[in-house]
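Visitor: Please take me through one part of this model in close detail. I would like to see how it sits among its neighbours.

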Amino acid sequence: MVSDYDYKTKILQMSLKISYYRKLRGLSQEDLAEKIGKSAGYVGMIEAPSVSKGISLRTLFDIADALEIEPDTLLKFDK
């Protein structure tokens, strides 16, 4: 069974990757939000390291498309 700590660690890693690839593409949070049909506040919440906010698969796929990466890139976790 996976602990809450493990989930939070994975969500943190995913949020940091979203932020990294967004910046790599030269996108602001507002730009990414527009591309995925969400608010800039929502993107900020996803990327915030102090917030453990899970996202739906649909949102994950939308983010990956907007960042021009494969979805599994965001789901490869360091141990």
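Guide: Start with Glu 47, which lies in helix H3. Bear in mind that this is a predicted model. Glu 47 counts as buried, because its relative accessibility is 7% and the cut-off for buried is under 20%. Its side chain has a polar partner: a contact of 2.9 Å joins Glu 47 to the side chain of Gln 29. Leaving aside residues up to four places away in sequence, Glu 47 touches Ser 15, Ile 18, Ser 19, Arg 22, Gln 29 and Leu 32.

Ile 18 and Leu 32 are touched by Glu 47. Both are also among the residues that touch the most other members of the largest nonpolar core, a set of 18 residues. H4 gives the largest share, 5 residues.

Now follow Leu 32 into helix H2, residues 29-36. Leu 32, Ala 33 and Ile 36 are buried there. Seen down the axis of H2, the buried residues fall within an arc of 100 degrees, so they line one face of the helix. They pack against helix H1 (4-24), helix H3 (40-47) and helix H4 (57-67). The face turned away from the buried side carries Glu 34 and Lys 35, both exposed. Just after H2 comes Gly 37, with a positive phi of about 70 degrees.

Next, Leu 67. Beyond residues up to four places away in sequence, Leu 67 touches Ile 18, Tyr 21, Arg 22, Arg 25, Leu 27 and Leu 32.

Finish with Ile 69, in the segment after H4. Is Ile 69 buried or exposed? It is buried, because its relative accessible area is 12%, and buried means under 20%. Its contacts, again not counting residues up to four places away in sequence, are Tyr 21, Arg 25, Ala 64 and Leu 74. Tyr 21 and Arg 25 are contacts of Leu 67 too. Ile 69 and Tyr 21 are 48 residues apart in sequence, yet their C-alpha atoms are 8.5 Å apart in space.

Conventions: Residues are numbered from 1 along each chain as its sequence is written. This is a predicted model: local features need pLDDT of at least 70, side-chain atom pairs count only at pLDDT 80 or more; totals for chains, interfaces and linings use all residues. Side-chain values use heavy atoms; hydrogens and water are left out. Buried means under 20% relative accessible area, exposed over 50%, partly exposed in between (1.4 Å probe, protein chains only). Helices (H or I, at least four residues) and strands (E, at least two) are DSSP runs, numbered from the N terminus. The arc is that of the directions from the helix axis to the C-beta atoms. Contact means heavy atoms within 4.5 Å. A nonpolar core is a set of buried Ala, Val, Leu, Ile, Met, Phe, Trp, Tyr and Cys residues joined through side-chain atoms within 4.5 Å. A polar contact is a pair of N or O atoms within 3.5 Å; within protein, one must be able to donate a hydrogen and the other to accept it, and residues adjacent in sequence count only if both atoms are side-chain atoms.
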